[in-house]
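Subject: Structure handover

Hello,

Here is the structure I said I would pass on. Please open it beside this message; my notes follow below it.

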Amino acid sequence: MKNFYLSLISAAGTFAYIILIAWFLSNASNWFGKEDGLWAPIMGLSLFVVSALLTSAMVLGRPTWLYFGGKKREALAAFFYTAGWMVVFLIAVFTFGFFGR
């Protein structure tokens with residue numbers, strides 16, 4: 001049961017990070033203006049790489065720790081619980097996105 005709640009926290013943190021990045025991207029042109037030079041793709045790709053690093057750590061960190069600690073069954077449970085919570089959040093986003101307008 002501990003994996004169930006810890007995976008909810010992990011998925012919620014990942015979802016909060018996604019919301020933060022979406023908010024940043026939707027307001028970036030207002031803050032920085034329209035950039036057509038070299039720096040815009042560099043910043044975009046850097047944000048992508050850092051986001052991949054952070055979200056993979058949030059989703060895979062605990063299952064990896066458990067797996068290499070010899071708790072393979074708990075690691076798989078933690079991973080699939082986290083994936084399940086992410087699907088729940090995704091369904092909620094689509095539901096509110098389509099029907100919430």
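Is alanine 57 buried, partly exposed or exposed? Its relative accessible area is 46%, so alanine 57 is partly exposed, because that class lies between the cut-offs of under 20% for buried and over 50% for exposed. Alanine 57 sits in helix α2. Asparagine 3 is 54 residues away from alanine 57 in the sequence, and the two C-alpha atoms are 16 Å apart in space.

Before the rest, a word on confidence. This is a predicted model. Across the protein the mean pLDDT is 90, and 97% of the residues score at least 70. Confidence is highest in helix α2, with a mean of 93, and lowest in helix α1 (residues 2-32), with a mean of 89.

Glycine 61 also belongs to helix α2, which covers residues 39-68. With a relative accessible area of 32%, glycine 61 is partly exposed, because this value too falls between the 20% and 50% cut-offs. From glycine 61 to alanine 75 there are 14 residues in sequence, and the C-alpha to C-alpha distance is 9.9 Å.

Alanine 75 leads on to the next helix. It is one of the buried residues of α3. Helix α3 itself runs over residues 72-99, which is 28 residues. From its first C-alpha to its last, α3 reaches 40 Å, close to the 40 Å expected at 1.5 Å a residue.

The last item is the largest pocket, which holds about 270 Å³ of space. Twelve residues line the largest pocket, and those closest to its centre are Ala28, Phe32, Ala40, Met43 and Gly44. The elements that give two or more residues to this lining are α1 and α2. Which of them gives the most? Helix α1 does, with five residues. By kind, the lining of the largest pocket is made up of seven nonpolar, three polar and two charged residues.

To go through this on screen, begin with alanine 57 and glycine 61 in helix α2. End at the largest pocket, with Ala28 and Met43 among the residues closest to its centre.

Regards

Note on methods
Residues are numbered from 1 along each chain as its sequence is written. This is a predicted model: local features need pLDDT of at least 70, side-chain atom pairs count only at pLDDT 80 or more; totals for chains, interfaces and linings use all residues. Side-chain values use heavy atoms; hydrogens and water are left out. Helices (H or I, at least four residues) and strands (E, at least two) are DSSP runs, numbered from the N terminus. Buried means under 20% relative accessible area, exposed over 50%, partly exposed in between (1.4 Å probe, protein chains only). pLDDT is the predictor's confidence in each residue, from 0 to 100. The expected span of a helix is 1.5 Å times one less than its number of residues. On a 1 Å grid over the protein atoms alone, a cavity is a set of points where a 1.4 Å probe fits but cannot get out, and a pocket is an open set with protein on both sides within 12 Å along at least five of seven lines; lining residues have an atom within 4 Å of a point. Grid points are joined across faces, edges and corners, and a volume is the space filled by probe spheres set on the points. Ala, Val, Leu, Ile, Met, Phe, Trp, Tyr, Cys and Pro count as nonpolar, Asp, Glu, Lys and Arg as charged, and the others, Gly among them, as polar.
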